Every structure is written in C-alpha cells, then in structure tokens.
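Dear colleague,

Please find below the structure that I am handing over to you. My findings follow it, arranged by region.

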Amino acid sequence: MEIIVCKDYQTLGAKAATMFASQVLKKPDSVLGFATGSSPLSTYAHMAKLCDEGVADFSRASTYNLDEYYGMGPTQEQSYRKFMNDNLFTRINIKLENTHVLNGLTDDPERECAEYEAAINAAGGIDMQLLGIGHDGHIGFNEPCDEFPNNTHLVTLVPMTLQANARFFNSVDEVPRQALSMGIGTIMRAREIVMVVNGADKAETVRKMVYGPVTPQLPASILQFHPRVTVFLDEAAASRL
C-alpha cells in the first residue's frame, strides 16, 4: 500500500485523476471502477479538465460503479446514476452506454447482483478501481460485519452510514435503508486500486486501515493484502499516521 500525502483536497484530486488519465493512455479500452460521495468530487473535476485539455481520452473506456441505493431510480436526485452522470459521465467523452450502475429498482436484487458480477467478469475485470472510505471503514457499502462479503450483494445500511449520507437528503429518515454494492472480493479483484480520503474526521479510520489488524469489522483493512493500492490523503486525513 503506497500512501501519498497531499497538501489539500484539490491536489489530492488532481493526482488521483492523473492516475486514471495514465491508465486510459496505457490501455484505451480500460475497465474503470468508480465511487460516489463527496470524496471523489475533486478527482472527477480534474478528470473532466484533463479530458477537455486532450490529455485523457475515455472514448473507448467502460465503467462499473461500486453501488446504488436499493429502491431508488436512476433519475432521482440522490441516485448514484444521476450523481455519476452529473459529475463525470456528461463531462468527459465516454459513451454513456459503456457506463454501468446497479439497477436500484430491480424486483430481483439477487439476480441483479449476480448479473452485475458476471458483466464485470465478462468485461475482463476492473483495471483500476476508485474508492473512498466511510467513517466506520466501509468501502462501497460493505459495512462492518463478521466476514468479508465476496460478490456483489444487497446490504442493509448501519446507522452511522445513514447519518453520514443524510446530508444529501432532507433528513435521515429519507435515506434508503438498503443498497446494492460490489462485494469486498469484487473490489479486491481489481488489478489496481486508488483511494482518496480527505478531512481530519477520517484520520483515525485511515490509521486503522493502514496499521491493522485486518478485520471485517473495518472492511477497508483488507486492502493491506492487495498488491497495488495507492492512497491519496490530504494533510488532515494523514494526521494520525
């Protein structure tokens, strides 16, 4: 695990975006994994800038997002499909049909998850996966639990996650109680992982992720076992290292 401490959030995003630009330069038809939330916004803004400048070309790339709220449609304001369209997909030269987000309105979540997993495998697996981290150490929507879930699955969200995501809704009562999420195994099968973390409120979580122990009670700790992980931190998030 390589740790890179950046001066601030914007610098962090610029460095992470450069890694994705390098990936599509090296392999134009790369399969990219993306995340949502506030952490990757700077990364996406810089990716769009690199695309505008002709540095990055995403026209042959395809993408798979980590997760989606269960019961939420793609045009709803807080859906992760809409988030990705607004913050990245409509701002770079990617073909929208090559971007994939789990269907939150499925009436068969088990089948939806299995088909999503199969689609990733059929695409050849994820070349580079972007991650953030939750205050409780979750990645994707893989919450602290007794074992590391392997494949894409339906998750019941814990109170800490509901509270953290309430800022995107009028109240915590509006936050969906379940989500569809790539599993820890799905994430770990990505050939390369890039994590972005900012803010002092996540400094202790970062410390636990980096120094262990590896436990499903802090899901991100499993990244210690991945051969190619780069973690970009701002100075505040790195303050406990």
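In which helix is N165 found? This residue belongs to helix α5, which comprises residues 159-165. Please bear in mind throughout that the model is predicted. N165 counts as buried because its relative accessibility is 10%, below the cut-off of 20%. Leaving aside residues up to four places away in sequence, N165 is in contact with Y69, Y80, F141 and V175.

Helix α4

Helix α4 covers residues 109-122. The residues of α4 that are buried are P109, E112, C113, Y116, E117 and I120. Viewed down the helix axis, these buried residues fall within an arc of 130 degrees and therefore line one face of α4. On the face turned away from this buried side, α4 carries the exposed residues E110, R111, N121 and A122.

Against which elements do the buried residues of α4 pack? Their partners are the strands β3 (62-65), β5 (99-100), β7 (153-156) and β8 (178-181), together with helix α6 (184-188). After α4 comes G124, which has a positive phi, near 100 degrees.

The nonpolar cores

The largest nonpolar core has 32 residues, of which L131, I139, M182, M195, M209 and L223 touch the most other members. At least two residues of this core come from each of α4, α6, β9 (192-197), α7 and β10. Taking M195 in detail, and again not counting residues up to four places away in sequence, its contacts are L131, G132, I133, I139, M209, L223, T230, V231 and F232. There is also a second, separate core of 29 residues, which includes L32, L50, F58 and F89.

The loop around Q224

Q224 is located in the loop that lies between α7 (203-211) and β10 (229-234). Is this residue buried, partly exposed or exposed? Q224 is partly exposed, because its relative accessible area is 30%, which falls between the cut-offs of 20% and 50%. Although Q224 and G212 are twelve residues apart along the chain, their C-alpha atoms are separated by 8.1 Å. G212 is also one of the residues that Q224 touches, the others being M1, K208, M209, V210, Y211 and V214, with residues up to four places away in sequence not counted.

With kind regards

Conventions
Residues are numbered from 1 along each chain as its sequence is written. This is a predicted model: local features need pLDDT of at least 70, side-chain atom pairs count only at pLDDT 80 or more; totals for chains, interfaces and linings use all residues. Side-chain values use heavy atoms; hydrogens and water are left out. Helices (H or I, at least four residues) and strands (E, at least two) are DSSP runs, numbered from the N terminus. Buried means under 20% relative accessible area, exposed over 50%, partly exposed in between (1.4 Å probe, protein chains only). Contact means heavy atoms within 4.5 Å. The expected span of a helix is 1.5 Å times one less than its number of residues. The arc is that of the directions from the helix axis to the C-beta atoms. A nonpolar core is a set of buried Ala, Val, Leu, Ile, Met, Phe, Trp, Tyr and Cys residues joined through side-chain atoms within 4.5 Å.
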